[in-house]
Amino acid sequence: METAFSCGTSPIIGLRFSLHPMADNFVAIIKGALSEADTSNVWMHTDDVSTVMRGKEIHIFDTAKAIVLHAAKTGAHVAFNGTFSVGCPGDSAGDVYLEKEDIRLNEPLVKDLRQYVSSQFALYPMNNPDYMSVIYKEVERAKEQGVFNTSMHYASGLHGDIHEVFAFLEEAFSKARTTEHRHLVMTVNMSINSPSHKGDA
């Protein structure tokens, strides 16, 4: 029986994120992105600092990508900061969303939207003494998939089309979690429509 301090086995994925549009109408951009995305497959709550989303992995990544794309299509310079987590010992029940079918509701609506993104991600395999090999393996995967940008302190850089970057992030998050070490955290920072990206897209 699991104690309050053991990693959870629930497949519920959590994401806490913030959108930061660099525009005077930032409130409208944020609220518009949240309302345009189909969020019926996830549990969500927004406060004055960030938004938390919980559900199945397939739906968390599908919904998050759609929200970012809806904000980006306004043309505003947008920053996205998110923390994905699974297996947290302090997680609570929310199994109602685990009954949702594995259908990406947002993908048909955003698949034709192209968007260059510069991103940084970091993996934190909790309580795993072999954590560096887990991280290196996913960095190599990023290189193989053509989305790796550069090495840096405390993160690895990614760039390319947002669909390809999100596909890598979802795969890396899924692969980095092991049977023995079930608690995994991944941080993601994205910059979209930045003036410094001209010519990179």
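Author: Start with helix 1 and helix 2: Ile29, Ala33, Leu34 and Glu36 of helix 1 meet Ile67, His70 and Ala71 of helix 2. Contact is heavy atoms within 4.5 Å, and helices are DSSP runs (H or I, at least four residues) numbered from the N terminus.

Reader: Which classes of residue are in the contact of helix 1 with helix 2?

Author: There are 5 nonpolar, 1 polar and 1 charged. Ala, Val, Leu, Ile, Met, Phe, Trp, Tyr, Cys and Pro count as nonpolar, Asp, Glu, Lys and Arg as charged, and the others, Gly among them, as polar.

Reader: Before I go on, what kind of model is it?

Author: A predicted model, where local features need pLDDT of at least 70, side-chain atom pairs count only at pLDDT 80 or more, and totals for chains, interfaces and linings use all residues. Residues are numbered from 1 along each chain as its sequence is written, and side-chain values use heavy atoms, with hydrogens and water left out.

Reader: Now helix 4 and helix 5: at what angle do the axes cross?

Author: Roughly 155°, with the axes of helix 4 (residues 131-144) and helix 5 (residues 162-176) coming within 10 Å. Therefore helix 4 is roughly antiparallel to helix 5 (angles over 145 degrees count as that, on a scale from 0 to 180 degrees between N-to-C directions).

Reader: Which residues of helix 4 and helix 5 make the contact?

Author: Val134, Glu138, Arg141 and Ala142 from helix 4, and Phe168, Glu171, Ala172, Lys175 and Ala176 from helix 5. That contact has 5 nonpolar, no polar and 4 charged residues.

Terms used
Helix = DSSP H or I, 4+ residues; strand = E, 2+ residues; numbered from the N terminus. Parallel < 35°, antiparallel > 145°, perpendicular 65-115°, else oblique.
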